[in-house]
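Please look over the protein shown here before reading the notes on it. They cover its domains, its ligand and its salt bridges.

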Amino acid sequence: MNSNQIVKKFEELFKNEPLLVRSPGRINLIGEHTDYNDGFVFPAAIDKEIHFAVAKNKVNIFRFYALDLHESFEMKVEDLSKSDTSWANYLLGVVAQYKKAGYELEGVDCVFGGDIPLGAGLSSSAAIENGFAFALKEILKAPVSKIQMIKMAQKAEHEYAGVMCGIMDQFASMTGKKDHAIKLDCRSLDFEYANIDLHDYVILLVNTNVKHELASSEYNTRRAECETGVQILQKYDNNITALRDVSLSLLQVHREEIDPIVYKRCKFVIKENLRVEDAFSALEKNDIKTLGALMFQSHEGLRDDYDVSCKELDLLFDMAKRSDDVIGSRMMGGGFGGCTINIVKKEKMNTFSEGIKKEYSMITGIEPEIYSVKITDGTGLI
Ligand code: GLA
């Protein structure tokens with residue numbers, strides 16, 4: 001991603017010299033739908049990024065320009081509220097968090113754009129929220145920490161984009177570290193970096209290029225189903241406040257009292273949390289095969305028990321699982337479309353990609369996209 005165009009557009013529109021910020025998308029090795037259950041996740045920031053050019057203005061207006069869409073947006077500072085322009089809401093939502101935290105607001109100009117594909121489950125929205133939160137911190141000289149910015153970005157998503165997301169995406173994009181994944185405890189927010197050296201393997205993302213409508217409504221339904229499980233189980237142990245605290249054996253003992261759908265959701269989350277721990281230990285021992293096997297299991301759970309996959313993701317998963325050149329594969333992110341993440345033999349990367357492209361487009365009529373990604377540093381100045 002090159003920020004020259006962004007600077008050029010900024011100078012053309014606003015005749016001013018901007019501050020430059022970059023903010024990455026993320027992958028998640030394993031630990032899906034565990035973040036809002038106070039569990040563990042294992043994401044990393046990637047070299048697909050949004051870049052921002054930002055400066056204060058003296059006209060008391062928020063003036064934004066989305067370079068990729070060639071669209072502009074304006075709102076008076078005193079009118080700050082949710083708008084009908086969905087992309088602008090990510091920025092406005094962040095401004096609203098600064099306002100809540102007591103910072104004096106002035107007009108701000110911003111041009112942004114990047115190469116994170118939209119709706120692909122690579123957290124372009126978290127990258128936008130984080131990048132703008134970071135830029136505002138700089139231009140307001142606000143003493144806010146990374147954790148505070150992450151929480152502001154997450155709140156922006158809840159309050160202005162209407163998605164009740166967990167904390168993984170914003171956390172990964174903000175705290176990413178080159179060549180490392182982040183094992184995050186979503187309850188305490190303690191985290192550890194794990195060096196990702198995949199030896200003869202690479203991470204390939206395959207984009208289904210579909211995003212089913214169900215995504216956000218089903219996401220909120222899954223949250224509710226998990227909470228129902230917690231309410232039943234906490235009668236037996238009042239230390240239980242989230243599925244993070246529930247063991248598989250306790251779940252089994254009370255199986256009869258739980259609706260079968262809720263039971264399946266809980267079983268998936270409990271097992272997925274255990275898989276994150278196992279994946280982290282496997283990587284510490286350089287055991288990529290075990291990591292891969294856990295990824296396969298994760299997909300099967302997301303498909304059969306958590307019910308957030310779709311036929312396009314399952315097709316990509318089946319093709320990957322069948323291949324001798326892939327040691328791990330699964331759908332990634334919220335589900336119902338977006339990408340699969342695959343650990344593929346470096347020397348077979350092209351053969352694998354060609355095969356997938358051919359078969360997937362033949363069966364679905366849709367061209368998939370394939371990205372080879374590198375793990376990078378989190379949000380920061382350029
Ligand atoms: C989306 C949400 C995250 C997380 C994942 C599923 O990406 O934004 O908080 O819940 O889905 O793991």
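What follows is a short briefing, grouped by topic.

This is a predicted model, in which local features need pLDDT of at least 70 and side-chain atom pairs count only at pLDDT 80 or more, while totals for chains, interfaces and linings use all residues. Residues are numbered from 1 along each chain as its sequence is written, and side-chain values use heavy atoms, with hydrogens and water left out.

**The two domains**

- The protein has a domain 1 (4–195) and a domain 2 (201–373); such bounds come from an automatic or database domain assignment.
- The centres of domain 1 and domain 2, taken over C-alpha atoms, are 26 Å apart.

**The interface between them**

- In domain 1, 34 residues are in contact with 41 residues of domain 2, where contact means heavy atoms within 4.5 Å.
- About 3200 Å² is buried between domain 1 and domain 2, with 64% of it on carbon and sulfur atoms; buried area is the accessible area (1.4 Å probe) that two parts lose on being put together, summed over both.
- On the domain 1 side, Ile30, Glu32 and His33 lose the most area to domain 2, together 21% of what that side buries.
- Four salt bridges cross the interface of domain 1 and domain 2; a salt bridge is a side-chain nitrogen of Lys or Arg within 4 Å of a carboxyl oxygen of Asp or Glu.
- Glu32 forms a salt bridge with Arg330, and their closest N and O atoms are 2.6 Å apart.

**The ligand**

- Residues around the ligand include Arg26, Glu32, His33, Asp169, Tyr219 and Gly333; a residue counts as near a molecule or strand if one of its heavy atoms lies within 4 Å of it.
- Glu32 has a polar side-chain atom 2.7 Å from an oxygen atom of the ligand.
- For Asp169, an N or O atom in the side chain is 2.6 Å from an oxygen atom of the ligand.
- Tyr219 has a polar side-chain atom 2.6 Å from an oxygen atom of the ligand.

- The structure holds 25 salt bridges.

Definitions and conventions:
A polar contact is a pair of N or O atoms within 3.5 Å; within protein, one must be able to donate a hydrogen and the other to accept it, and residues adjacent in sequence count only if both atoms are side-chain atoms.
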